[in-house]
Amino acid sequence: MKKLESSLTNMVLVLTGVAVIMGGILAFVNNLTEGPINDQKAKTLANGIKTVMCVSDLTVTKTDTVKQNDAKGKEFTYIIYQTQDAQGKDLGAAVESTTGGFGGDLKVLVGFDPEGKILGYTLLEHAETPGLGAKADKWFQKGEKGDIIGKTPSEPLTVSKDGGQVDAITASTITSRAFLLAVNSAYNAYKTTPVDAESGATKQKKED
(Lines give C-alpha, C1' and ligand atoms only; values in the text may rest on other atoms or scores of the structure.)
Protein backbone atom coordinates (compact mmCIF):
# COMPACT_ATOMS: atom_id res chain seq x y z
CA MET A 1 0.00 0.00 0.00
CA LYS A 2 1.37 3.37 -1.00
CA LYS A 3 2.27 5.58 1.92
CA LEU A 4 0.20 8.77 2.13
CA GLU A 5 2.40 11.64 1.05
CA SER A 6 3.11 14.13 3.81
CA SER A 7 1.82 17.43 2.54
CA LEU A 8 -0.22 20.33 3.82
CA THR A 9 -3.21 19.24 1.74
CA ASN A 10 -3.14 15.68 3.07
CA MET A 11 -2.72 16.90 6.63
CA VAL A 12 -5.73 19.17 6.27
CA LEU A 13 -7.79 16.33 4.79
CA VAL A 14 -6.86 13.97 7.64
CA LEU A 15 -7.59 16.54 10.33
CA THR A 16 -10.92 17.39 8.68
CA GLY A 17 -11.86 13.72 8.55
CA VAL A 18 -10.98 13.22 12.23
CA ALA A 19 -12.98 16.32 13.18
CA VAL A 20 -16.03 15.10 11.25
CA ILE A 21 -15.85 11.64 12.87
CA MET A 22 -15.40 13.06 16.36
CA GLY A 23 -18.26 15.52 15.79
CA GLY A 24 -20.51 12.65 14.78
CA ILE A 25 -19.56 10.64 17.87
CA LEU A 26 -20.17 13.60 20.18
CA ALA A 27 -23.54 14.29 18.56
CA PHE A 28 -24.53 10.64 19.00
CA VAL A 29 -23.50 10.60 22.68
CA ASN A 30 -25.28 13.91 23.29
CA ASN A 31 -28.45 12.50 21.73
CA LEU A 32 -28.27 9.46 24.00
CA THR A 33 -27.74 11.46 27.20
CA GLU A 34 -29.99 14.46 26.53
CA GLY A 35 -33.22 12.66 27.42
CA PRO A 36 -32.03 11.22 30.77
CA ILE A 37 -30.45 14.55 31.74
CA ASN A 38 -33.67 16.44 31.01
CA ASP A 39 -35.67 13.84 32.93
CA GLN A 40 -33.38 14.22 35.94
CA LYS A 41 -33.67 18.02 35.80
CA ALA A 42 -37.46 17.76 35.68
CA LYS A 43 -37.47 15.40 38.67
CA THR A 44 -35.12 17.70 40.61
CA LEU A 45 -37.38 20.67 39.88
CA ALA A 46 -40.54 18.79 40.86
CA ASN A 47 -38.99 17.71 44.16
CA GLY A 48 -37.64 21.22 44.66
CA ILE A 49 -41.10 22.75 44.29
CA LYS A 50 -42.48 20.39 46.93
CA THR A 51 -39.57 21.22 49.23
CA VAL A 52 -39.84 25.01 49.01
CA MET A 53 -43.64 24.97 49.26
CA CYS A 54 -43.42 22.59 52.26
CA VAL A 55 -46.15 20.35 50.79
CA SER A 56 -45.65 16.84 49.41
CA ASP A 57 -48.94 16.64 47.50
CA LEU A 58 -49.44 19.65 45.24
CA THR A 59 -50.32 20.61 41.69
CA VAL A 60 -48.71 23.26 39.51
CA THR A 61 -51.74 25.06 38.12
CA LYS A 62 -49.96 27.69 36.03
CA THR A 63 -46.45 28.54 34.89
CA ASP A 64 -45.45 32.12 34.06
CA THR A 65 -42.18 33.36 32.61
CA VAL A 66 -41.11 36.89 33.48
CA LYS A 67 -38.05 38.69 32.11
CA GLN A 68 -36.53 41.58 34.06
CA ASN A 69 -33.27 43.53 33.90
CA ASP A 70 -31.01 43.90 36.93
CA ALA A 71 -29.32 47.14 38.02
CA LYS A 72 -26.54 46.56 35.46
CA GLY A 73 -28.99 46.02 32.62
CA LYS A 74 -28.48 42.24 32.37
CA GLU A 75 -31.68 40.38 31.58
CA PHE A 76 -32.71 37.49 33.80
CA THR A 77 -35.66 35.12 33.45
CA TYR A 78 -37.92 34.24 36.38
CA ILE A 79 -40.21 31.22 36.16
CA ILE A 80 -43.22 31.28 38.48
CA TYR A 81 -44.96 28.00 39.35
CA GLN A 82 -48.40 28.73 40.83
CA THR A 83 -49.46 25.88 43.11
CA GLN A 84 -52.47 24.37 44.87
CA ASP A 85 -52.78 21.60 47.42
CA ALA A 86 -54.81 18.39 47.03
CA GLN A 87 -57.99 20.23 48.11
CA GLY A 88 -57.53 22.97 45.51
CA LYS A 89 -56.38 25.61 48.00
CA ASP A 90 -53.97 28.24 46.69
CA LEU A 91 -50.55 27.66 48.25
CA GLY A 92 -48.70 30.52 46.57
CA ALA A 93 -45.86 29.96 44.14
CA ALA A 94 -42.35 28.60 43.71
CA VAL A 95 -40.14 31.00 41.78
CA GLU A 96 -36.94 30.23 39.87
CA SER A 97 -34.58 33.19 40.19
CA THR A 98 -31.08 33.67 38.77
CA THR A 99 -28.47 36.27 39.64
CA GLY A 100 -24.71 36.68 39.31
CA GLY A 101 -22.71 35.15 42.16
CA PHE A 102 -18.99 35.20 43.00
CA GLY A 103 -18.08 32.50 40.48
CA GLY A 104 -20.97 32.74 38.02
CA ASP A 105 -24.76 32.55 37.90
CA LEU A 106 -26.61 31.46 41.04
CA LYS A 107 -30.04 29.87 40.47
CA VAL A 108 -32.41 29.67 43.43
CA LEU A 109 -35.93 28.24 43.81
CA VAL A 110 -37.93 30.14 46.43
CA GLY A 111 -41.38 29.28 47.78
CA PHE A 112 -43.80 32.07 48.73
CA ASP A 113 -47.23 31.87 50.34
CA PRO A 114 -50.08 33.96 48.81
CA GLU A 115 -49.04 36.99 50.90
CA GLY A 116 -45.40 36.79 49.83
CA LYS A 117 -43.92 35.22 52.96
CA ILE A 118 -40.94 32.94 52.30
CA LEU A 119 -41.85 29.29 52.92
CA GLY A 120 -38.58 27.70 51.86
CA TYR A 121 -35.81 27.71 49.29
CA THR A 122 -33.27 25.47 47.58
CA LEU A 123 -30.32 26.04 45.27
CA LEU A 124 -30.81 24.64 41.78
CA GLU A 125 -27.46 25.65 40.25
CA HIS A 126 -24.38 27.58 41.29
CA ALA A 127 -20.80 28.18 40.21
CA GLU A 128 -19.49 29.32 43.56
CA THR A 129 -16.23 28.27 45.21
CA PRO A 130 -16.53 24.59 46.30
CA GLY A 131 -18.16 24.52 49.72
CA LEU A 132 -19.83 27.92 49.49
CA GLY A 133 -22.76 26.56 47.49
CA ALA A 134 -23.40 23.91 50.13
CA LYS A 135 -23.21 26.57 52.84
CA ALA A 136 -25.70 28.82 51.04
CA ASP A 137 -28.12 25.90 50.71
CA LYS A 138 -28.21 25.59 54.52
CA TRP A 139 -27.12 28.94 55.95
CA PHE A 140 -30.41 30.76 55.30
CA GLN A 141 -32.72 27.91 56.30
CA LYS A 142 -35.04 28.00 59.32
CA GLY A 143 -33.14 28.04 62.60
CA GLU A 144 -29.76 28.73 60.97
CA LYS A 145 -27.63 31.86 61.42
CA GLY A 146 -28.96 33.60 58.30
CA ASP A 147 -32.57 32.38 58.68
CA ILE A 148 -34.87 34.06 56.11
CA ILE A 149 -37.81 31.65 56.41
CA GLY A 150 -41.01 33.45 57.33
CA LYS A 151 -39.73 36.83 56.16
CA THR A 152 -41.53 38.90 53.50
CA PRO A 153 -39.08 40.77 51.21
CA SER A 154 -41.41 43.75 50.63
CA GLU A 155 -38.36 45.60 51.93
CA PRO A 156 -35.32 43.98 50.25
CA LEU A 157 -33.42 41.51 52.40
CA THR A 158 -29.78 42.58 52.85
CA VAL A 159 -26.81 41.39 54.87
CA SER A 160 -26.06 43.00 58.24
CA LYS A 161 -22.77 44.35 56.84
CA ASP A 162 -24.89 46.53 54.53
CA GLY A 163 -27.20 47.59 57.35
CA GLY A 164 -29.66 44.75 56.80
CA GLN A 165 -31.12 42.08 59.04
CA VAL A 166 -29.53 38.91 57.64
CA ASP A 167 -26.20 37.48 58.79
CA ALA A 168 -23.91 36.78 55.84
CA ILE A 169 -22.15 33.45 55.35
CA THR A 170 -18.85 33.58 57.21
CA ALA A 171 -16.12 34.99 54.92
CA SER A 172 -18.51 35.00 51.96
CA THR A 173 -20.36 38.30 51.81
CA ILE A 174 -20.43 38.37 47.99
CA THR A 175 -22.21 35.01 47.75
CA SER A 176 -24.61 36.07 50.50
CA ARG A 177 -25.45 39.30 48.68
CA ALA A 178 -26.01 37.39 45.44
CA PHE A 179 -28.28 34.89 47.18
CA LEU A 180 -30.40 37.58 48.83
CA LEU A 181 -30.61 39.48 45.55
CA ALA A 182 -31.97 36.31 43.92
CA VAL A 183 -34.56 35.97 46.70
CA ASN A 184 -35.58 39.64 46.49
CA SER A 185 -35.86 39.41 42.70
CA ALA A 186 -37.96 36.24 43.00
CA TYR A 187 -40.34 38.08 45.32
CA ASN A 188 -40.60 41.06 42.94
CA ALA A 189 -41.30 38.77 39.99
CA TYR A 190 -43.96 36.91 42.00
CA LYS A 191 -45.75 40.05 43.22
CA THR A 192 -45.57 41.96 39.92
CA THR A 193 -46.25 39.25 37.34
CA PRO A 194 -47.47 41.20 34.29
CA VAL A 195 -50.74 40.38 32.60
CA ASP A 196 -48.94 39.52 29.35
CA ALA A 197 -46.46 37.12 30.98
CA GLU A 198 -45.81 34.02 28.90
CA SER A 199 -47.82 31.14 30.34
CA GLY A 200 -47.05 27.45 30.12
CA ALA A 201 -49.19 24.36 30.44
CA THR A 202 -51.55 24.11 33.38
CA LYS A 203 -52.57 21.32 35.73
CA GLN A 204 -49.21 19.60 35.70
CA LYS A 205 -49.00 17.23 38.66
CA LYS A 206 -45.53 17.03 40.16
CA GLU A 207 -44.74 13.41 40.89
CA ASP A 208 -41.83 11.84 42.76
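**Reading a predicted fold, feature by feature**

Author: Let's start with helix 3, which is mostly covered, with 14 of its 19 residues buried. Buried here means under 20% relative accessible area, exposed means over 50%, and partly exposed is in between, with a 1.4 Å probe and protein chains only. This is a predicted model, so local features need pLDDT of at least 70 and side-chain atom pairs count only at pLDDT 80 or more, while totals for chains, interfaces and linings use all residues. Residues are numbered from 1 along each chain as its sequence is written, and side-chain values use heavy atoms, leaving out hydrogens and water.

Reader: Fine. How many helices and strands does the chain have?

Author: Helices (H or I, at least four residues) and strands (E, at least two) are DSSP runs, numbered from the N terminus. By that rule the chain has 3 helices and 7 strands. Walk along the sequence and you get α-β-β-β-β-β-α-α-β-β. Of the 208 residues in the chain, 37% are buried.

Reader: Back to helix 3. What should its 19 residues span?

Author: The expected span of a helix is 1.5 Å times one less than its number of residues. Helix 3 covers residues 173–191 and should span 27 Å; its end C-alpha atoms are 27 Å apart, which agrees.

Reader: And strands: which ones pair with strand 4?

Author: Two strands pair if DSSP finds at least two bridges between them. On one side, strand 3 and strand 4 run antiparallel, joined by 8 bridges; there, Ala 93 has Phe 112 of strand 4 as its bridge partner. Strand 4 (residues 105–112) also pairs with strand 5 (residues 118–125), again in the antiparallel sense, over 6 bridges. In that pairing Leu 109 has Thr 122 as its partner, and Lys 107 stands opposite Glu 125. The hairpin of strand 4 and strand 5 has 5 residues between the strands, and in it Gly 116 takes a positive phi near 100°.

Reader: So is strand 4 enclosed or open?

Author: Strand 4 is largely enclosed by the rest of the structure, because 6 of its 8 residues are buried.

Reader: Now the rings. How do you describe a pair of aromatic rings?

Author: You give the distance of the centres and the angle of the planes. Rings of Phe, Tyr and Trp (its six-membered ring) pair if their centres lie within 6.5 Å; planes under 30 degrees apart count as stacked, over 60 as edge-to-face, and the rest as tilted. That gives 4 aromatic pairs here. In one of them, Phe 112 and Tyr 190 have ring centres 5.6 Å apart and planes at 15°, so they are stacked. The pair links distant parts of the chain, 78 residues apart: Phe 112 sits in strand 4 and Tyr 190 in helix 3. Both Phe 112 and Tyr 190 are buried, and together with Tyr 187 they form one aromatic cluster.

Reader: What about charges: how many salt bridges are there?

Author: A salt bridge is a side-chain nitrogen of Lys or Arg within 4 Å of a carboxyl oxygen of Asp or Glu. The count comes to 3. Asp 162 and Arg 177 meet at 2.8 Å, N to O. Asp 162 lies in the loop between helix 2 (132–139) and helix 3, and Arg 177 in helix 3, so the pair ties together parts 15 residues apart in sequence. Asp 162 is partly exposed at 42%, and Arg 177 is partly exposed at 36%. Lys 107 and Glu 96 form another, at 3.9 Å, N to O. Lys 107 belongs to strand 4 and Glu 96 to strand 3 (residues 90–100), 11 residues apart. Lys 107 is partly exposed at 21%, while Glu 96 is buried at 10%. Then there's Lys 62 with Asp 64, also given as 3.9 Å, N to O; Lys 62 is partly exposed at 35%, but Asp 64 is buried at 4%.

Reader: Last one: which residues make the nonpolar surface patch of about 440 Å²?

Author: Patches are made of residues with over 30% relative accessible area and no salt bridge: like charges are joined within 9 Å, nonpolar side chains (Val, Leu, Ile, Met, Phe, Trp, Tyr) within 5 Å. The areas come from the Shrake-Rupley method with a 1.4 Å probe, and for residues only the protein chains shown count as cover. Here the patch is made by Val 14, Val 18, Ile 21, Met 22 and Ile 25. Val 14 is in helix 1 (residues 8–53) and is partly exposed, at 43%. For the spacing, recall that an α-helix has 3.6 residues a turn, so residues three or four places apart point the same way.
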